[in-house]
Amino acid sequence: MSRPTPDRRPRPSFTPATDRGRLLLLLAVAAGVTVFTATVPLLRDWFDLRVYYGAVHTWVHHGGRVYDYRVPDTAYGFTYPPFAAVAMLPMALLGRPAALAGALLLDAVALAVVLRVLAGRAWRRPGWFGWGLILCALALFEPLRDTVSFGQVNLLLLALVLADAWLLTSAPGREQDADGEGRRGSRAAALAGAGIGLAAAIKLTPALFIGLLLLARRRRAAAVATAVALAATALAALVAPGPSRFYWTEAMWDTTRVGRLDYVSNQSLQGVLARLGEPQRGLWALAVVAVLGVWAWRTRRAAAAGDLPAAFALTGLAACLVSPITWVHHLVWLLPSFAVLLRAGHARVAGALYAVLCTSVVWLWAHDASGVAAFAGSNAYTWITLGLLLWLPYGHPRAAARFLARSDSATVAAPAAAAEAIAAASVQPKPPCEAGAGAETAAATGEVCGPCGGGGAPCAAASSEPTGSTRPAAPNPQSSSARASS
């Protein structure tokens, strides 16, 4: 029985055939995105950067204490571990405009690192037009635009963690020893885990990636991450003993410093329970244990299948769910998941989910989250995160190869379906493992870059509160007491 001949006719393209036409179309898309981001979601006036800047300047120049600082006329102050304040000490030498310029530059570098790591070896495939569409789509992504507008550190932490993912999956000369740990000829690869350690010392949530390294049997990298985190914490205790003592004995355990748990911006499991009026920690603890169990099972299987990028993506999802507070801008940790979806050939699913995260839909229930519809809508980002944790595919290079073959038969796809343009940076086939005792499948090294785009339905009005979005927010939205923070 003969096989049907595949249809190799060029598929229709909805993009201009010339570079000039593509450039004009890209400029039009960029203009639309600029108008949207400048008028619909309110810019946050670099609020969190003002917290960091004020806390450091008060500490260095005015003899104040890091955790006592409050932004004038607000109840918001510094809440990160003391090493974060030590790492931000260079801001004490800068004026506020210079600090803002430095923060924007660091965000740009961090975003470039994130995109480069997620793209892998296929980073050239989208071309200038595809990358232009990707950047436009990213500008619509609510967690990313809020991270930049707040002056938050989320992108920097994501870049540190993904740098370790790159070292673990792309270093040349890798072999597997009897413990499953990689030995590399590259001196830089020996530092794998340092980025995770630094990120965990700056903010506690990335510490879950040390668990990923243990589940993936990357014991050397886990040891490096732990040692770096402990060394950074010890350095902070040496430089700032008083703030360190206060943080680890009091501030760390006081969730009221961070904000109100039931505020709609909190898209964690605890936020969902708080909006249900569930004050007991026992139910939240059971939910956390269940999520961590699913995470450990799926992450171990992804790592065993040689798909470390998917394991990293799953860990980012779990960290957002189990953290007591996951503000909307923390959800930049979902970006690796969209890369995995595109790599596996699920561009439409990625596009639909990504579009929801561009709409600011949760803010429709900023004042009243009662009722079934409000329960579903006000927790929409949590449902997306939970669904990705349960369903995110891994170990599917064949689907990626088929999708790549289809992409090669046509020009770059239409910007209205930006997922197609991003999916052009799909994963390459996995490199073969070196033969040897205890050899395992080599990790996939060519993830697709970035999420696909989606439009956002504008909300009625904007809020000037630090965690507000495109809907009005209640007064002092993040705090239930006088001790609050960004």
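**Close-up views of a predicted model**

**View 1. Helix α8 is largely enclosed by the rest of the structure, because eight of its nine residues are buried.** The model shown here is predicted. Helix α8 covers residues 194-202. Its buried residues include A194, G195, I196 and G197. A199, A200, A201 and I202 are also buried.

**View 2. Four residues form a nonpolar patch on the surface.** They are L23, L24, L27 and W128. Together they have about 410 Å² of accessible area. Which helix gives the most to the nonpolar patch? Helix α1, residues 19-39, does, with three residues. L27 lies in this helix, α1. In general, an α-helix has 3.6 residues a turn, so residues three or four places apart point the same way.

**View 3. Helices α16 and α18 pack at an angle of about 155°.** Helix α16 spans residues 347-356, and helix α18 spans residues 380-391. Their axes are 10 Å apart. Are the two helices roughly parallel or roughly antiparallel? Angles over 145 degrees count as roughly antiparallel, so α16 and α18 are roughly antiparallel to each other. Their crossing is left-handed.

**View 4. A221 lies in helix α10.** This helix runs over residues 219-239. Is A221 buried or exposed? Buried means under 20% relative accessible area. A221 has 4% relative accessibility, so it counts as buried. D164 is 57 residues from A221 along the chain. The C-alpha atoms of A221 and D164 are separated by 8.7 Å.

Notes:
Residues are numbered from 1 along each chain as its sequence is written. This is a predicted model: local features need pLDDT of at least 70, side-chain atom pairs count only at pLDDT 80 or more; totals for chains, interfaces and linings use all residues. Side-chain values use heavy atoms; hydrogens and water are left out. Buried means under 20% relative accessible area, exposed over 50%, partly exposed in between (1.4 Å probe, protein chains only). Helices (H or I, at least four residues) and strands (E, at least two) are DSSP runs, numbered from the N terminus. Patches are made of residues with over 30% relative accessible area and no salt bridge: like charges are joined within 9 Å, nonpolar side chains (Val, Leu, Ile, Met, Phe, Trp, Tyr) within 5 Å. Accessible areas come from the Shrake-Rupley method with a 1.4 Å probe; for residues, only the protein chains shown count as cover. A salt bridge is a side-chain nitrogen of Lys or Arg within 4 Å of a carboxyl oxygen of Asp or Glu. Axes are lines fitted to C-alpha atoms, for helices over the stretch in contact, and angles run from 0 to 180 degrees between N-to-C directions. Angles under 35 degrees count as roughly parallel, over 145 as roughly antiparallel, 65 to 115 as roughly perpendicular and the rest as oblique. A crossing is left-handed if the near helix is turned anticlockwise from the far one by less than a right angle, and right-handed if clockwise.
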